[in-house]
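Please look over the sequence and the model before reading on.

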There are 2 protein chains.
Amino acid sequence: MTIGALRERMAELSDLSALSRLAAWDQRTMMPPAGGPGRSDQLATLERLAHERATGDEVGGWLEALESEPLEGIDAEIVRIARRDFDRARRVPGELAAEIERASSDGETVWQAAREANDFAALAPALRRNLELAREHAACFDGFARPYDALLADYDFGLTAARVQAVFGELAGPLASLVAEASSGAAAAPVPPVAAQQAAVPAVLARIGADEEGWRIDVSAHPFSVGVGSRDSRVTTRYEESDLLSVIAALHEFGHALYERQIAPELARTNLGTGTSMSVHESQSKLWENHVARHPAFATVIAEALTAGGFPGDPVALHTSLVAVRPSLIRVSADPVSYPLHIVLRFELELALVEGGLEVPDDASGVLQDTHWAAGAFGYFPSYALGCLIAAQLWEALERDLGPQDEGLARADVAAIRGWLAERVHRHGRRLDTEPLVEHATGRGMEAAPFLRHARSLVGAR
Amino acid sequence: MTIGALRERMAELSDLSALSRLAAWDQRTMMPPAGGPGRSDQLATLERLAHERATGDEVGGWLEALESEPLEGIDAEIVRIARRDFDRARRVPGELAAEIERASSDGETVWQAAREANDFAALAPALRRNLELAREHAACFDGFARPYDALLADYDFGLTAARVQAVFGELAGPLASLVAEASSGAAAAPVPPVAAQQAAVPAVLARIGADEEGWRIDVSAHPFSVGVGSRDSRVTTRYEESDLLSVIAALHEFGHALYERQIAPELARTNLGTGTSMSVHESQSKLWENHVARHPAFATVIAEALTAGGFPGDPVALHTSLVAVRPSLIRVSADPVSYPLHIVLRFELELALVEGGLEVPDDASGVLQDTHWAAGAFGYFPSYALGCLIAAQLWEALERDLGPQDEGLARADVAAIRGWLAERVHRHGRRLDTEPLVEHATGRGMEAAPFLRHARSLVGAR
């Protein structure tokens, strides 16, 4: 009976979390601007209530009772992960959790205005407040070698700053050389006008399976995706005259959304029914961004969609443009080769901010470009680069198992890719943590070499 | 301190209710169809949680403690209304509440199929079940003169069947004569094409204050409105080639939304911070529908917006068409004069069904058109007609105070109307029940005479 009570509570928490995602999606795509303060209250209430329901004494009682029962299969996994989450959540006082949520939501509102006004000073107080709260948050835990690890565990349980530094260490030197070597001024292909991009994005997503029955595509300043329910997937993108970000971002977000959609149905509305970590999540978006959208064969699919949208697309020029190495100050429009270097930088900065006493500067070129610190998310950035690395590692394993995908990709036939990902990665939900999942899927721990091989091939392909 | 705990709980319930409205809005305007089952889970979880948090023993404890404290002003009102809501909610056993919820949801599903098949017999068992449950529900309460009054209190606290019968008694005879007299086949004006309506609706709403900073206008099968927060108001409408419903519905929903928006800010996130009753809410929508949108002077504003949208609008023809009396079997497309007669009929029927032993008949022309009884909502209908009456009464009082509004309405200048409504009606939130509010605003109890005068003027204006 006790497992029934625990499962019911997990279903409730899963629903509250879905409502949180819906409210956040709405805030960034639909909400009239004046709704901001009210939305902050609503999100804070959801967060506080979820925290209370996740950490109630009754949950502790159920767990204790269940830990002495001979459970098997999913039930045993539900209890194992529930215990981990319960212990972590109990260490954060409800008031601190609510305050973090409120500061995050407020910070995001402030960030939007500050970014528009190019005014870092307007953001600084919110940033400072978020940092204080992050340090308080880290101080709630013990059993971690250092404060940053305690924060990282919220995004990638089991990873440590030391492990990230080791992997980034393999990466940074060779990648920086590669970028320096490769950065030559390849002529940029003409960029399709916004109208053609607006026609192409839904057309390309529809061909790889994002039908109107279960998907939405909207516009937001910062592209993102949510699964509001397992059959309600929403991606956003943004359209600019100056680059083809729209298609790339849409494929990226499609990868995130597909992950949530392909989790085993029996994990739905349990605590196992979401992606396992930020890094693995990001590996799914990066797989579709780097290894599908930027694949030379898939350029045909994009070109066809642009042509139908009124812009005669040339696959070869398109692909050349999509993989050109053009170092930029802006992370989200960085080229696929230099991209991880943006992250290594942010990782080192946030490590110093959280642990090293680095003060929030009065000004910083480019700090307004990302919402993460404004929203209090310290420990989140590494996943962006780890995602690139894991994606490359998964893609090598996938092609080892299935053979080269060129033919299918040229026809937008991604059934085999979807199937492989479902089997090796998606269906497990939270049953496997980041590094065990990578080992399960590829036979090896996380490593930088596959990404470096991929980057070299892009540079060579120019 | 206890008042702090109570206020905090009320704020939480207010936020949960806002999230419920957001999720329902999304379901009807944005959600991919496949999201339906997941959304039902999410809404059921919110409902269950809100009920639990509203009826917990701790709430009873706070109320008892507070009732012996010398509270003043808003705090005293918060406690008074919280006690009323708490006692009403606690009197309904959880199992009965769940059964009512289930029967309502089942009934609605059955109704949709029955309506499509035009098959009343298919609905009859669900209707019978809803009626049994409504009688059981009514029996939970004492202190009411009759069972119907106990149900009515959920929609319009303080009103009674006897009072409704008295007011409808003044109305029905004269109105029926007026309709019989007036029904002549006035030629319908040509209806603007959908494109012109789509341009006109936001233009008209913008002119009366629905700016993009705090409002959204979307499309849904059945027009509705929600206030997600006090500065986040959303109305929907629908567009048809065959009539000008779109503009009328948008103004109607604007009235509902404006009510929620103009409640005194100090009542926000308390249990007093919403509209006081179904009748008063409906009076606000009907005021903007009948007395603004159908005002001869405002026809100029609508005509200008249609003209800008590419359909040369003629104010006189437009107004004639908007007030023409054309009796119909369908309530929602009834003209503004005969509309309340649809409601008087339904009220007498549901009163007899709940109390009089009237059996659910084997067949009934038109009963399938409305979802209310199928969903178990007995006691809801009167508010539709009372709303018309109260709107007319308020409008007379408003013009008595401010003078005729013709000049302002021709220029879409509604500042004085908004201000008067804010002061006399909106700002009070739930502090005044239906009839006390009407007395406060107009100096008299509810009465039918002002609506009859209004109806005569419409008929005379043809």
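## Terms and basis

A polar contact is a pair of N or O atoms within 3.5 Å; within protein, one must be able to donate a hydrogen and the other to accept it, and residues adjacent in sequence count only if both atoms are side-chain atoms. By that rule, 14 residue pairs (both at pLDDT 80 or more) are in polar contact between chain B and chain A.

The model is predicted, so that local features need pLDDT of at least 70 and side-chain atom pairs count only at pLDDT 80 or more, while totals for chains, interfaces and linings use all residues. Residues are numbered from 1 along each chain as its sequence is written, chains are lettered from A and ligands numbered from 1 in the order in which they are written, and side-chain values use heavy atoms, with hydrogens and water left out.

## The interface of chains A and B

In contact terms (heavy atoms within 4.5 Å), 35 residues of chain B meet 35 residues of chain A. The buried area, meaning the accessible area (1.4 Å probe) that two parts lose on being put together, summed over both, is about 3,000 Å² between chain B and chain A, and carbon and sulfur atoms give 60% of it. Of the area that chain B buries against chain A, B:L19, B:P32 and B:Q42 supply 18%, more than any other three residues.

Ten salt bridges (a side-chain nitrogen of Lys or Arg within 4 Å of a carboxyl oxygen of Asp or Glu) are found across the interface of chain B and chain A. The side chains of B:D26 and A:R234 form a salt bridge, at 2.7 Å from N to O.

## Salt bridges within chain B

Over all chains, the structure holds 77 salt bridges. One of them joins B:R53 to B:E12, with the closest N and O atoms 2.6 Å apart; because B:R53 lies in helix α2 and B:E12 in helix α1 of chain B, the pair ties together parts that are 41 residues apart in sequence. Helices here are DSSP runs (H or I, at least four residues), as strands are (E, at least two), numbered from the N terminus. On the scale of relative accessible area (buried under 20%, exposed over 50%, partly exposed in between; 1.4 Å probe, protein chains only), B:R53 is buried at 8% and B:E12 is buried at 2%.

A salt bridge also links the side chains of B:D142 and B:R91, at 3.4 Å from N to O. Here B:D142 is exposed, at 55% relative accessibility, whereas B:R91 is partly exposed, at 40%.
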